[in-house]
Amino acid sequence: MKNVLEKPATGDLSKYGLKNCKTYWNLSGEELQEITVRKGMGTETKNGTLAVNTGKFTGRSPQDRFLVKDDYTKDKVWWGNINKPVSSENFGILYDRMVQYLSEKEVYVHDGYVCAQPEYRMNVRTITEYPWSNFFVKNMFLRLNEEELQGFEEEWLVLCAPGYEEKEPEKVGLRQGNFSILDFTRKVALVGGSAYTGEMKKGIFSALNLILPVEKDVLPMHCSANVGEEGDTAIFFGLSGTGKTTLSADPQRKLIGDDEHGWTRENIVFNFEGGCYAKVIGLTEETEPDIFRAIKPGALLENVVIKPGTKEVDFEDASITQNTRVSYPIEHIDNIQVPSYAGNPKNIFFLTCDAFGVLPPVSKLTPGQAAYHFISGYTAKVAGTEAGINEPVPSFSACFGAPFMPLHPTVYAEMLSAKMKENNVNVWLLNTGWSGGPYGVGSRIKLKYTRSMITSILKGELENVELEMHPIFGLFMPKYCPGIPTEILNPMNTWLQKGAYIQKSIQLAHSFHLNFEKFSAEASRQIIAGGPLIDEHHHMEAEF
């Protein structure tokens, strides 16, 4: 075991108010795993991967996420249900109480950075109560060499104390005992009362989602990205379950990253992270070979169930949570871009899993439509199947990542539109959901078809194909795509009753209009015009 005194030159914790801590500095994954197992906080699975249980919280707690409202943030942040304010004074009280709680304890310090493009690199020091929380940030943030660690100075500090619950939450502006708070002036992220590791990752990335556009003129994106042999970058936006991780893992292309990226003035797309944080519910080697093979020593499994009497993981078992996860360093994937940035995107894909069976499998968007669909961030969740309720529920998350976006969504959308125009980027909407009817009637669009459409687009095979316009959404649908049955390209053809299709389309269009009302005051005329052509107040006889 590394000597606990082996700290960097800048390593004095007293400057944070921490007193008499037994401090472990920048331990290796093996060392952190050994301590975790020894303390009974985790187990090793059959192949030597560490598995832990995050306790009460198995996901983020969006209602308990706050930003300090002060001179820096008050006029920049889009305050509301997502970005809730807390005062600088209350933050100070919580900080002092957390530091007091951590003092005299064992703590684990990890020094790393985020943003792979050197010009935008931001150093982050993370101090954690648990060894495996430190293991997580070691996987997820970018790693430094010994020499860089010696002279390390952080720009941001993360303090993570899952064991600290605030006893008087209302008095300090909280809802309950757990909290995740960003202070942009002090440059500190606090995570208290929750051991869910994603709170640390998303805290720092929420900070970047404000700092990069406001201070650096960089567009932050909740997306995956890969690059072809010719240097052609592709970006994939999409909410959970739409295929973002699956579709960006392409054996013919190198993965830049699977979740968070920046797009710079100099037309570079760079990964924020040094690792991947993938869902593993229902995981098999056949469906997700890259993720499956990345689960080996050096990875960290969360909230998975181990088969009784064995050390084998049961990936089907969701009894702890549906949100079972693995974090691993990006090097666990074979085909990666090193370092993890590349040039301008030629194509951007918006992925949606439309359980209503309305949207075409592939359509090309105008700049106005791209901004509109980006702000909308649509997918559909299949609701209550156990109780036999087959009606899907539309789900909208602005910029395909609303919970992490401190600015008004139109700020990100306008930046995206400007970059698309400037660089002549094609934007495509891909429906990875249903065709031939809604969930329960139609069938899921085959993954091999979606992959084939993406390949055709990346090869430029749809550039001169004739397009037809969807009568309700105004989307431009190709009439031909190599290797795809032509009849499925126009979704109306796949429905038995054309009238039912039009009715369902109008219903979904209305959901889009209702959702967009909260953004319309800030949106340009071009963006508003990018929405569906009609809502339920305008009936229109439509022929394709």
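User: What share of the 544 residues of the chain counts as buried, and what makes a residue buried?

Analyst: In this predicted model, 60% of the 544 residues count as buried. Buried means under 20% relative accessible area, exposed means over 50%, and partly exposed lies in between (1.4 Å probe, protein chains only). Residues are numbered from 1 along each chain as its sequence is written, and side-chain values use heavy atoms, with hydrogens and water left out. Local features need pLDDT of at least 70 and side-chain atom pairs count only at pLDDT 80 or more, while totals for chains, interfaces and linings use all residues.

User: How do you know whether the chain agrees with a compact globule?

Analyst: Compare two values. The radius of gyration is taken over C-alpha atoms, and the globule rule is 2.2 Å times the number of residues to the power 0.38. For 544 residues the rule gives a value near 24 Å; the chain has 24 Å, so the two agree. The C-alpha trace spans about 75 × 55 × 50 Å along its principal axes.

User: How many helices and strands does the chain have?

Analyst: It has 12 helices and 30 strands. Both are DSSP runs, numbered from the N terminus: helices are H or I with at least four residues, strands are E with at least two.

User: Why does the search find 0 disulfides?

Analyst: A disulfide is a covalent bond between the sulfur atoms of two cysteines. The test here is a pair of cysteine sulfur atoms within 2.5 Å. Take cysteine 276: the closest cysteine sulfur, in cysteine 223, is 13 Å away, so it is too far for a bond. For cysteine 353 the closest is in cysteine 481, at 19 Å, again too far. The whole structure was searched, and 0 were found.

User: Which residues does UniProt list for "binding site"?

Analyst: The unreviewed entry lists Arg60, Tyr196, Lys202 and Arg325. From this set, Arg60 and Lys202 belong to the lining of the largest cavity. UniProt positions are given in the numbering used here, feature names are shortened, and annotations may be inferred rather than shown by experiment. A cavity is a set of points, on a 1 Å grid over the protein atoms alone, where a 1.4 Å probe fits but cannot get out; lining residues have an atom within 4 Å of a point.

User: Where is tyrosine 196, and what does it touch?

Analyst: Tyrosine 196 is in the loop between β10 (188–192) and α5 (198–216). At 4% relative accessibility, it counts as buried. Contact means heavy atoms within 4.5 Å. Leaving aside neighbours within four places in sequence, its contacts include Arg60, Tyr277, Glu302 and Arg325.

User: What makes lysine 202 buried?

Analyst: Its relative accessible area is 10%, so lysine 202 is buried. Lysine 202 is found in helix α5. Not counting residues up to four places away in sequence, it touches Arg60, His222, Asp259, Glu260 and Phe404.

User: Is arginine 525 buried or exposed?

Analyst: Arginine 525 has a relative accessible area of 77%, so it is exposed. It is found in helix α12 (residues 525–528).

Definitions and conventions:
1 Å grid on protein atoms, 1.4 Å probe; cavity = no way out; pocket = protein on both sides within 12 Å on 5 of 7 lines; lining within 4 Å.
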